[in-house]
Amino acid sequence: MTDAAPPSLLYSVKQVELATRARLDELLRPSGVTALQYTALTVLERRDGMSSAELARNSFVTPQSMSDLVGALERRGLIARSPDPASRRRHVISLTDDGRALLALHAPAVQHLEDEMLTGFTARERAAFRDLLNRARAALG
């Protein structure tokens, strides 16, 4: 009897994504925000004033899904849309104070989840892991 081959890297990455998303959904549930909505809010936190299409690309969802997501976040008062001063046809999306407050509220628990995921990693391994993941994402993007 031979040892089974280890799972593929793609399989392992997907398993980590599924596990973190489930934990993030659980953590955010009391606020009524999904992991996808939270991701969009964190993208806006880093780069406020994006179009819906830009936000979709940076949040890993389709433009159609982003339209629904933006509508839900806007109804909750977590984001606001306004005309882009540089283009009449384009609107930009910004975090509201309530959106920033929601992110601040969950920041410690989200950081704890990330720390838990990286338990046993040295500081150097954490930095290398982040770098390698970003390089893999960039190669596919």
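A contact here means heavy atoms within 4.5 Å. With that in hand, here are the views of this predicted model.

**View 1. The whole chain, end to end.** Taking contacts with a separation of 6 or more, 48% of them link residues 24 or more positions apart. The C-alpha trace spans about 65 × 30 × 30 Å along its principal axes. You'll count 6 helices and 2 strands, and walking along the sequence they come up as α-α-α-α-β-β-α-α.

View 2. Of the 141 residues in the protein, 28% are buried. The protein exposes about 9900 Å², and carbon and sulfur atoms supply 57% of that area.

View 3. Val-16 sits in helix α1, which covers residues 9-28. Its relative accessibility is 41%, so Val-16 counts as partly exposed.

View 4. A pair of aromatic rings is described by the distance of the centres and the angle of the planes. Searching the whole structure turns up 1 aromatic pair. It consists of Phe-121 and Phe-129: the ring centres are 5.4 Å apart and the planes meet at 75 degrees, so this is an edge-to-face pair. The cut-off behind that label is an angle over 60 degrees. Phe-121 has 32% relative accessibility and therefore counts as partly exposed. Phe-129, at 30%, is partly exposed too.

Methods. Residues are numbered from 1 along each chain as its sequence is written. This is a predicted model: local features need pLDDT of at least 70, side-chain atom pairs count only at pLDDT 80 or more; totals for chains, interfaces and linings use all residues. Side-chain values use heavy atoms; hydrogens and water are left out. Helices (H or I, at least four residues) and strands (E, at least two) are DSSP runs, numbered from the N terminus. Buried means under 20% relative accessible area, exposed over 50%, partly exposed in between (1.4 Å probe, protein chains only). Rings of Phe, Tyr and Trp (its six-membered ring) pair if their centres lie within 6.5 Å; planes under 30 degrees apart count as stacked, over 60 as edge-to-face and the rest as tilted. Accessible areas come from the Shrake-Rupley method with a 1.4 Å probe; for residues, only the protein chains shown count as cover.
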